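These notebook entries record what I looked up in one structure, entry by entry. The sequence and the coordinates come before the notes.

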Amino acid sequence: MTLELLTRAGCSACAAARADLDRVCADLGVRYAEVDVDDAAANGDPALRAEFGDRLPVVLLDGVEHSYWEVDEPRLRADLAGRAGSA
């Protein structure tokens, strides 16, 4: 299972989503990776910014968009618990 938070520097909504994701992941013992879409684009991978850059932050679960603009906490908790139980 991979969990990613797509962000951009200076984005207040991204900071709020990061705090929400930190709390959820700490509660469930899950890790996530944070990816700045502008850094990715500058380092040769413009696809993330092209696809998601206009609706940040975005939470990806196993590479699939799970939520954007804010963390859908109840749904994320349910989905993470379900995946942990099936692993």
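Is Arg-75 buried, partly exposed or exposed? I find Arg-75 partly exposed, with a relative accessible area of 38%. I use buried for under 20% relative accessible area, exposed for over 50%, and partly exposed for what lies in between (1.4 Å probe, protein chains only).

**Entry: basis of the notes**

I note that this is a predicted model, in which local features need pLDDT of at least 70 and side-chain atom pairs count only at pLDDT 80 or more, while totals for chains, interfaces and linings use all residues. Residues are numbered from 1 along each chain as its sequence is written, and side-chain values use heavy atoms, with hydrogens and water left out.

**Entry: salt bridges**

The criterion is a side-chain nitrogen of Lys or Arg within 4 Å of a carboxyl oxygen of Asp or Glu.

Helices here are DSSP runs of H or I with at least four residues, strands are runs of E with at least two, and both are numbered from the N terminus. Asp-79 counts as partly exposed, at 26% relative accessibility. I also recorded one network, in which salt bridges that share partners join Asp-20, Arg-23, Asp-27, Glu-73 and Arg-77.

Within that list, I looked up Glu-73 and Arg-23, whose side chains meet in a salt bridge at 2.4 Å, N to O. Glu-73 lies in helix α4 (residues 73-86) and Arg-23 in helix α1, so this pair ties together parts that are 50 residues apart in sequence. Arg-23 is partly exposed at 37% relative accessibility.

I then turned to Glu-34, which forms a salt bridge with Arg-18; their closest N and O atoms are 2.8 Å apart. Because Glu-34 lies in strand β2 (residues 33-36) and Arg-18 in helix α1 (residues 12-28), the pair ties together parts that are 16 residues apart in sequence. Glu-34 counts as partly exposed at 36% relative accessibility, and Arg-18 is partly exposed with a relative accessible area of 27%.

**Entry: the sheet**

In which order do the strands of the open sheet lie? I read the order β2-β1-β3-β4 for its 4 strands, with mixed pairing. The edge strands are β2 and β4, each of which pairs on one side only. Neighbouring strands of this sheet are turned by 30° against each other on average, direction ignored. Two strands count as paired if DSSP finds at least two bridges between them.

I checked strand β1 (residues 3-7) against strand β3 (residues 58-61) and found antiparallel pairing over 4 bridges. Glu-4 stands opposite Leu-60 in β3. Helix α1 lies across β1 and β2 and runs at about 165° to β1. Axes are lines fitted to C-alpha atoms, for helices over the stretch in contact, and angles run from 0 to 180 degrees between N-to-C directions.

In β3, I noted that Val-58 and Leu-60 point one way and Val-59 and Leu-61 the other way, and that all are buried. Strands β3 and β4 pair in the antiparallel sense over 4 bridges. They form a hairpin with 2 residues between them, and Asp-62 in the turn has a positive phi of about 55°.

**Entry: Ser-67**

I placed Ser-67 in strand β4 (residues 64-68), where Ser-67 is the bridge partner of Val-59. Ser-67 counts as buried at 7% relative accessibility. Leaving out residues up to four places away in sequence, I found that Ser-67 touches Pro-57, Val-58, Val-59 and Asp-72, where contact means heavy atoms within 4.5 Å. The side chain of Ser-67 also reaches the backbone oxygen of Glu-70 at 3.4 Å.

**Entry: cysteines**

Cys-25 counts as buried at 4% relative accessibility.

Definitions and conventions. Polar contact = N/O pair within 3.5 Å; in protein donor to acceptor, adjacent residues only side chain to side chain.
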